[in-house]
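Colleague: I have a few questions about this one before I set anything up. Can we go through it piece by piece?

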Amino acid sequence: MYKAEGMGSYEHLEFHDKSIEAIPSTWVVSRTHCYWPKGKSTGVQRMIAKQMKPSEPFFERIQYNTNLGCYDSLEDARRIAKLYSEESDPNSDDDENSGMWY
């Protein structure tokens, strides 16, 4: 089983739709799957920042492509996620296209 590098850290994941998101390390369950809030939750960023513990009724396991790294702070992980997003879409200037929920 995949082990997170430490409590309070964040993983930087790329998903199948090429979006990139920083999530709590505790949400990563394997080298290919993580927990993600079900539906179109408007509180996802708050759940990420507070490192909400995933629970089955509200979270589901989803697949991701690549783990791009582990960071000690959410700010560091988001900064790097934004850089990756900008590199993957050279035609995009606006922040709306970077990450799953930015």
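Colleague: Start with Q51: what does its relative accessibility count as?

Modeller: This is a predicted model, and in it Q51 counts as partly exposed, at 22% relative accessibility. The cut-off for buried is under 20%, so Q51 does not count as buried. Q51 sits in the loop between α1 and β4.

Colleague: What is the phi of Q51?

Modeller: Near 50 degrees, which is a positive value in a residue other than glycine. K18 is not a glycine either, and has a positive phi of about 75 degrees.

Colleague: Where does K18 lie, and is K18 buried or exposed?

Modeller: K18 lies in the loop between β1 and β2. K18 is exposed, with a relative accessible area of 52%; the cut-off for exposed is over 50%. β1 and β2 form a hairpin with five residues between them, and K18 is in that turn.

Colleague: OK, the overall picture. How many helices and strands does the protein chain have?

Modeller: Two helices and five strands. Along the sequence the pattern reads β-β-β-α-β-β-α. The protein chain has 102 residues, and buried residues make up 42% of them. Of the contacts between residues at least 6 apart in sequence, 59% join residues at least 24 apart.

Colleague: Which strands form the open sheet, and in what order?

Modeller: Three strands, in the order β2-β1-β5, with antiparallel pairing. β2 and β5 are the edge strands, and each pairs on one side only. Neighbouring strands of this sheet are turned by 25 degrees against each other on average, direction ignored.

Colleague: How many bridges does β1 have with β2 and with β5?

Modeller: β1, residues 10-14, and β2, residues 20-24, pair over five bridges. β1 also pairs over five bridges with β5, residues 66-71.

Colleague: How many residues of β1 are buried, and which way do they point?

Modeller: Five of its five residues are buried, so by the under 20% cut-off the strand is mostly covered. Y10, H12 and E14 point one way, while E11 and L13 point the other way. In a regular strand the side chains alternate between the two faces of the sheet.

Colleague: Now the largest nonpolar core. Which residues touch the most other members?

Modeller: L13, I23, W27, C34, W36 and I48, out of 21 residues in that core. β1, β2, β3, α1, β4 and α2 each supply at least two residues.

Colleague: What is W27 in contact with, leaving aside neighbours within four places in sequence?

Modeller: C34, Y35, W36, P37, M47, I48, M52, P54 and F59.

Colleague: And W36: where does it lie, and is W36 buried or exposed?

Modeller: W36 lies in strand β3. W36 counts as buried, at 5% relative accessibility. The C-alpha atoms of W36 and F58 are separated by 8.5 Å, and the two residues are 22 apart along the chain.

Colleague: Something polar next. What joins the side chains of S25 and S9?

Modeller: A polar contact of 2.7 Å. S25 is in the loop between β2 and β3. S25 is buried, because its relative accessible area is 2% and the cut-off is under 20%.

Colleague: Last topic, confidence. What is the mean pLDDT of the protein chain, and where does pLDDT stay under 50?

Modeller: The mean is 79, and 77% of the residues reach 70 or more. pLDDT stays under 50 over residues 1-6 and over residues 94-99.

Colleague: How many contacts beyond four places in sequence does the model have for residues 1-6 and for residues 94-99?

Modeller: The model has 12 for residues 1-6 and 10 for residues 94-99. Where pLDDT is low, the predicted coordinates should not be read in detail.

Key. Residues are numbered from 1 along each chain as its sequence is written. This is a predicted model: local features need pLDDT of at least 70, side-chain atom pairs count only at pLDDT 80 or more; totals for chains, interfaces and linings use all residues. Side-chain values use heavy atoms; hydrogens and water are left out. Buried means under 20% relative accessible area, exposed over 50%, partly exposed in between (1.4 Å probe, protein chains only). Helices (H or I, at least four residues) and strands (E, at least two) are DSSP runs, numbered from the N terminus. Two strands pair if DSSP finds at least two bridges between them. Axes are lines fitted to C-alpha atoms, for helices over the stretch in contact, and angles run from 0 to 180 degrees between N-to-C directions. A nonpolar core is a set of buried Ala, Val, Leu, Ile, Met, Phe, Trp, Tyr and Cys residues joined through side-chain atoms within 4.5 Å. Contact means heavy atoms within 4.5 Å. pLDDT is the predictor's confidence in each residue, from 0 to 100. A polar contact is a pair of N or O atoms within 3.5 Å; within protein, one must be able to donate a hydrogen and the other to accept it, and residues adjacent in sequence count only if both atoms are side-chain atoms.
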